[in-house]
Amino acid sequence: MAGLTLQGRVIIQGEARGSALVSGEPLSFWGGYDWKTGEIIDRRHMLSGAIAKDKILAVPFTRGSSTTTAVLLEAIRAGTAPAAIITTDVDFFFALASVVADELYTTPLPLIALAEQDFAQLKTDDEVQITNNGTVLITR
Amino acid sequence: MTLTLSTQDQDMLRGGSGPATKMAMSIVARMAQVSGARELLDISGAHIDSTVYIGEAGLEFAERLAGMGAKVSVPTSLNVSGLDEHHWQEWAVPSDWARQAYRQMVAYQSMGTVPTWTCAPYQTGMRPSFGQQIAWGESNAIVFANSVLGARTERYPDLFDICCAITGRAPAIGLHLTENRAGQLLFRLIDIPKSLHESDDFYPVLGNLIGTATLDKIPVIDGMLVQPDEDQLKAFGAGTASSGGVAMFHMVGITPEAPTLAEAFHGNAPLQTIDITMDMLRESRRELTHTDSDQLHMVVLGSPHFSLAEFKRLAPMLLGKQKHPDVKFLVTSSRAMTQLAQKAGFVDPLFAFGAQITVDTCILTSPMLPLEIQNLMTNSAKFAYYAPGLLAKQIVFGSLEDCVRSAVAGRIMRDESRWLG
């Protein structure tokens, strides 16, 4: 087992732990994420068919529809959301879902941004732990 | 960077304008902080995408605000909802789903908004003007407002648009600010026949291609041989905002902030220059089709919502023809456009052909299609992008003419000649 520690920027603070689901390709949650199951359903996306529920989802940013936020909010409420999401910069759509989940249910979703070269080191199935100060601990 | 709120912003945050405004301002201010804004700015219009019914959480959000007496403080149009308020029973919409979606419509309407129920608000009376600061949701509307009209909105998601509408404020970030509206990537159209530039189906195909290649940057398209009409720009923008996260584009000599190449880039050099060839366009067109089957169950037009001009174009193509009895032919549009089209005599030929019209919503936001409908045909890159994931349906992309011809024949027929070139 090898370990790796990356320092990210806290977008929305929180702690999370889970196995990583990683793609360098952006994702729209509307038409891309089934909030009833947590499955990635964008049939053109490389993660199509993967289940992101309770995973540490790493996608650089969102694409497409403005409904992405609403879909992620449903997933947070339904318990089918990723445990945390890692991006390469502030993603307004993800951040808003987390802020509204905090307002409505006091269950914000932890969001971390990693520099692109750090993001590139993440691999699917890495065991990832995210801390309150934005540290990303990886074991593989 | 620290956020400085005005005295009035702070008063809203303390609850001086009531609990709904307090919650809305709390969300606006937190998001302003997250996105690194120094201040908020005044907006004078909003378009609410949050009307799309997804599930309980979105409904709870709407009803929480409405229950606290939320009222918008600027002229506010509404995007599509989850159902055609008066005709949903003609489709496969489950009644409990319809009840929930209807509650969401009522909640947003109670906030003093204008019930336009359309994803093409820029083709209604609520069209923003050049330079106007607005807070819009709906990806195709955002890209149209910024690019074609020169209005200024960031790419706002559902749930945020309504918070801006209530407070009349938005973070001073992104495309609200002149310096962030410069082009970044240059796409040059090389040796693309003029006949293709003149074709409607060129625009969604080009949009799909540029969205995929641009992702979240601002693309500049140079080398247009014709002046595209508004519906062609609408189809193009919707394509870029589906395959990519494009919130603004420039078309040199066509869109208002790009009279010249240099002005499109604000005098900067492009980050990258990409030459668009026929091969790339053909590949993009192929991408929009998800099946080799020539089976056809339904033609669906109107994503984004059909305009009056599109009704006008379609009507004469249907005269004296009948759709195949096994094929449905659906046009989705707004109430306003449909009524104008009706008065202008463009709707009767549709009904005579056997077409149906759905307003207020679309196939992507309403569970209206029965299970037996599996193979769809459309002229929209946006439908083609989302239908496989959202609806688990097969889709074939074609021109408007292809769609009509296929509906008559009862199977997929596409004219390939313009794409061989």
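Modeller: Happy to! Two strands pair if DSSP finds at least two bridges between them; strands (E, at least two residues) and helices (H or I, at least four) are DSSP runs, numbered from the N terminus. This is a predicted model, where local features need pLDDT of at least 70, side-chain atom pairs count only at pLDDT 80 or more, and totals for chains, interfaces and linings use all residues. Residues are numbered from 1 along each chain as its sequence is written, with chains lettered from A and ligands numbered from 1 in the order written.

Now look at chain B, where four strands form an open sheet, in the order β8-β7-β6-β9, with parallel pairing. At its edges are β8 (250–251) and β9 (272–276) of chain B, each pairing on one side only. Strand β7 (residues 219–222) of chain B joins β8(B) through 2 parallel bridges, and Ile221(B) has Met251(B) as its bridge partner there.

Across β6 (185–189), β7 and β9 of chain B lies helix α8 (residues 202–214), in contact when C-beta atoms, placed from the backbone, are within 7 Å. α8(B) runs at about 140° to β7(B), an angle on a scale from 0 to 180 degrees between N-to-C directions of axes fitted to C-alpha atoms, for helices over the stretch in contact.

Strand β8(B) also meets helix α5 (residues 139–149) of chain B: the buried residues of α5(B) pack against several elements, including β8(B). In α5(B), 10 of 11 residues are buried (20 or more other C-beta atoms within 10 Å of their own), among them Phe144(B). After α5(B) comes Gly150(B), with a positive phi near 75°.

Methods:
Two residues are in contact if their C-beta atoms, placed from the backbone, lie within 7 Å. A residue is buried if 20 or more other C-beta atoms lie within 10 Å of its own, exposed if 12 or fewer, and partly exposed in between; C-beta atoms are placed from the backbone.
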